[in-house]
Amino acid sequence: ENEKTPTEVLDKLSNDKEESIKIFVILNSNTSTDTLIKLSNDEREQIRAEVAKNHRIPFDILKKLAKDKDNWVRRAVAKDTRTPLDMLKEFTGDENRWVRINVINNPNTPLDLITSKLANDEDMWVREAVAKYPKIPISILEKLSNDKEWNVITAVTENKNTPPHILEKLSQDEENPYAILYITKNPSLPM
């Protein structure tokens, strides 16, 4: 990024056909808000996703991008720390698992939204992300330790907040060698 690139040059570059040039424009701090707004309508989802990650876009553009048809764009909005609670709540029902996972990874997502909506998700990868979440309550870790999917159980064993009694129970699971491997690395396991 060249901070000395004039706004007018960046505006011209935003019309380039090359995706990497447009991304350069989006990342440049001299790019005007008008140019970012224009790029939020680009036909390529990667360009719209990069615009969604830019903290200088107006809030109404962030709201528009939250409704984008492409999941890469919605993922970027779900992970953005400026995304308000009502949008995060809406994203918990998104059809794309990675959008829901990015809600979990957004540091502004309230814990109760994760525990009430996403800990019971039908997708195992979303439940895995919940199990890895560092602030997840022990009651949810207990519930997820009984999950039918090996990756969710393994994630429970990886969570440093999983209490010893859950780890000890999971150490008896001979059908999941990954869980046993991660249990041995968990500092909560008593020696």
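**Note on a predicted helical model: salt bridges, core and helix packing**

1. Arg100 and Glu122 form a salt bridge in which the closest N and O atoms are 3.7 Å apart, where a salt bridge is a side-chain nitrogen of Lys or Arg within 4 Å of a carboxyl oxygen of Asp or Glu. Because Arg100 belongs to helix H8 and Glu122 to the loop between H9 and H10, the pair ties together parts that are 22 residues apart in sequence; helices here are DSSP runs (H or I, at least four residues; strands, E, at least two) numbered from the N terminus. Arg100 is buried, at a relative accessible area of 4%, whereas Glu122 is exposed, at 68%; buried stands for under 20% relative accessible area, exposed for over 50%, and partly exposed for what lies in between (1.4 Å probe, protein chains only).

2. The model is a predicted one, in which local features need pLDDT of at least 70 and side-chain atom pairs count only at pLDDT 80 or more, while totals for chains, interfaces and linings use all residues. Residues are numbered from 1 along each chain as its sequence is written, and side-chain values use heavy atoms, with hydrogens and water left out.

3. Arg100 also meets Asp121 in a salt bridge, at 2.8 Å from N to O. Asp121 lies in the loop between helix H9 (111–118) and helix H10 (124–132) and Arg100 in helix H8 (residues 97–105), so this pair ties together parts that are 21 residues apart in sequence. Both Asp121 and Arg100 are buried.

4. By the rule given above, the salt bridges number 14. Among them is the one between the side chains of Lys67 and Glu90, at 2.7 Å from N to O. As Lys67 is in the loop between H5 and H6 and Glu90 is in helix H7 (residues 85–91), that pair ties together parts 23 residues apart in sequence. Lys67 itself counts as exposed, with 57% relative accessibility.

5. In the loop between H5 and H6 one also finds Asp68, which counts as buried at 13% relative accessibility. A polar atom of the Asp68 side chain lies 2.8 Å from the backbone nitrogen of Asp70. Setting aside neighbours within four places in sequence, Asp68 is in contact (heavy atoms within 4.5 Å) with Arg48, Val73 and Arg74.

6. Arg74, one of those partners, sits in helix H6 and is buried, with a relative accessible area of 6%. Not counting residues up to four places away in sequence, Arg74 touches Leu65, Ala66, Asp68, Lys69, Phe91, Asp94, Glu95, Asn96 and Val99.

7. H6 packs against H8 at an angle of about 10°, the axes being 8 Å apart, which makes H6 roughly parallel to H8. The residues making this contact are Asn71, Arg74, Arg75, Ala78 and Lys79 of H6 and Trp98, Val99, Asn102 and Val103 of H8. Axes are lines fitted to C-alpha atoms, for helices over the stretch in contact, with angles running from 0 to 180 degrees between N-to-C directions; angles under 35 degrees count as roughly parallel, over 145 as roughly antiparallel, 65 to 115 as roughly perpendicular, and the rest as oblique.

8. The axes of H4 and H6 likewise come within 8 Å and cross at roughly 10°, and these two helices are therefore roughly parallel to each other. Here Glu45, Arg48, Ala49, Ala52 and Lys53 in H4 meet Trp72, Val73, Ala76 and Val77 in H6. The buried residues of H4 (residues 45–53), namely Ile47, Arg48, Ala49, Glu50, Val51 and Ala52, pack against helix H2 (19–27), helix H3 (33–39), helix H5 (59–66) and helix H6 (71–79).

9. In the largest nonpolar core, which holds 49 residues, Leu65, Val77, Ile104 and Val130 touch the most other members; such a core is a set of buried Ala, Val, Leu, Ile, Met, Phe, Trp, Tyr and Cys residues joined through side-chain atoms within 4.5 Å. Val77, leaving aside neighbours within four places in sequence, is in contact with Ala52, Leu62, Leu65, Ala66, Thr83, Met87 and Phe91.

10. Asp173, in the loop between helix H13 (164–170) and helix H14 (177–183), counts as partly exposed at 21% relative accessibility. Not counting residues up to four places away in sequence, Asp173 touches Ile153 and Ile180; the C-alpha atoms of Asp173 and Ile153, which are 20 residues apart along the chain, are separated by 9.9 Å.

How values were computed
A polar contact is a pair of N or O atoms within 3.5 Å; within protein, one must be able to donate a hydrogen and the other to accept it, and residues adjacent in sequence count only if both atoms are side-chain atoms.
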